[in-house]
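Here's a quick walk through one protein model, written for someone who likes cut-offs spelled out. Have a look at the sequence and the fold before reading on.

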Amino acid sequence: MNRTYILLLIVLFFQMFAISQTNQEDQFLQKIGILDSIYSKSLNEHRKIYVQFPADYNPASSQKYPVLYVLDGEVLLPAVYSVHSFYSGGFMPEMIIVGISNSNNRIRDLTTSNVTEMYGMPFEQENGKAANFSKFIETELIPFVENKYPVTSFRTLIGHS
């Protein structure tokens with residue numbers, strides 16, 4: 001009996017060790033979406049996006065789908081996908097969901113004005129560049145998605161800041 005417990009503990013230890021060694025991008029509760037990226041002149045950087053196709057997507061079909069853009073895509077895409085899956089089947093149309101990564105420059109991209117002080121302390125992180133991020137979405141990301149993926153011009157944006 002004790003050998004069984006010891007063996008179980010050893011297996012659990014190695015399993016936890018193996019999980020802790022995985023790549024940070026692979027640490028999702030639910031892994032969805034394919035990873036893609038686009039270089040942005042507006043932001044002067046590459047930006048990761050995660051693209052989730054509808055369950056009935058067929059690459060051989062000419063069907064096009066509405067597109068849903070999700071800010072903080074690396075975090076919120078699984079939740080949005082789960083909600084969409086729950087409500088599809090008559091409540092919501094099938095759609096392509098594009099999660100936009102905001103992991104590297106979230107404060108810069110999602111603040112509309114320049115912040116110099118926070119909680120009475122100097123704030124020196126780059127910020128106040130939401131206009132550039134909006135320009136990226138409008139002039140670079142949307143055309144990129146519309147040229148590469150089977151989407152219609154019906155678009156929705158979900159996010160918070």
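First, the ground rules. This is a predicted model, where local features need pLDDT of at least 70 and side-chain atom pairs count only at pLDDT 80 or more, while totals for chains, interfaces and linings use all residues. Residues are numbered from 1 along each chain as its sequence is written, and side-chain values use heavy atoms, with hydrogens and water left out.

**The fold at a glance**

The protein chain has four helices and seven strands; these are DSSP runs numbered from the N terminus, with helices being H or I of at least four residues and strands being E of at least two. Read from the N terminus, the order is α-β-β-β-α-β-α-β-β-α-β. Of the 161 residues, 34% count as buried. Here buried means under 20% relative accessible area, exposed means over 50%, and partly exposed is in between (1.4 Å probe, protein chains only). Contacts are heavy atoms within 4.5 Å, and among those in the protein chain with a separation of 6 or more, 65% come from residues 24 or more positions apart.

The accessible surface comes to about 10900 Å², and 58% of that belongs to carbon and sulfur atoms. Areas come from the Shrake-Rupley method with a 1.4 Å probe, and for residues only the protein chains shown count as cover. One nonpolar patch of about 490 Å² is made by Val83, Phe86, Tyr87 and Phe91. Patches take residues with over 30% relative accessible area and no salt bridge, joining like charges within 9 Å and nonpolar side chains (Val, Leu, Ile, Met, Phe, Trp, Tyr) within 5 Å. Phe86 sits in helix 2 (residues 73-87) and, at 63% relative accessibility, counts as exposed.

How many of the residues of strand 4 are buried? Five of the five, so strand 4 is largely enclosed by the rest of the structure. Ile96, Val98 and Ile100 point one way, whereas Ile97 and Gly99 point the other way.

Strand 4 has partners to pair with, pairing being called when DSSP finds at least two bridges between two strands. Strand 2 (residues 45-52) runs antiparallel to strand 4, joined by four bridges, and Val51 has Val98 as its bridge partner. Strand 3 (residues 65-70) pairs with strand 4 in the parallel sense, over four bridges, with Val67 opposite Ile96.

Asn102 is in the loop between strand 4 (96-100) and helix 3 (106-110). Its relative accessibility is 1%, so Asn102 counts as buried. Beyond its neighbours within four places in sequence, Asn102 touches Arg47, Leu71, Asp72, Glu74, Asp109, Leu110 and Phe133.

**Salt bridges**

The structure holds seven salt bridges, each being a side-chain nitrogen of Lys or Arg within 4 Å of a carboxyl oxygen of Asp or Glu. Here are some of them:

| Pair | N to O distance |
|---|---|
| Lys148 and Asp36 | 2.8 Å |
| Asp109 and Arg47 | 2.6 Å |
| Glu146 and Arg155 | 2.9 Å |

For the Asp109 and Arg47 pair, the link is between helix 3 and strand 2, 62 residues apart, and both residues are buried. Those two also belong to a salt-bridge network with Glu45 and Arg108.

The side chains of Lys148 and Asp36 form another salt bridge. Lys148 lies in helix 4 and Asp36 in strand 1 (residues 34-40), so the pair ties together parts that are 112 residues apart in sequence. Lys148 is partly exposed at 46% relative accessibility, while Asp36 is buried at 12%.

**Aromatic rings**

Rings of Phe, Tyr and Trp (its six-membered ring) pair if their centres lie within 6.5 Å; planes under 30 degrees apart are stacked, over 60 edge-to-face, and the rest tilted. By this rule there are four aromatic pairs. One of them is Phe133 and Phe136, tilted, at 6.0 Å centre to centre with 35 degrees between the planes. Both lie in helix 4 (residues 130-148), three residues apart, about one turn of the helix, and both are buried. Elsewhere, Phe53, Tyr57, Tyr65 and Tyr149 form one aromatic cluster.
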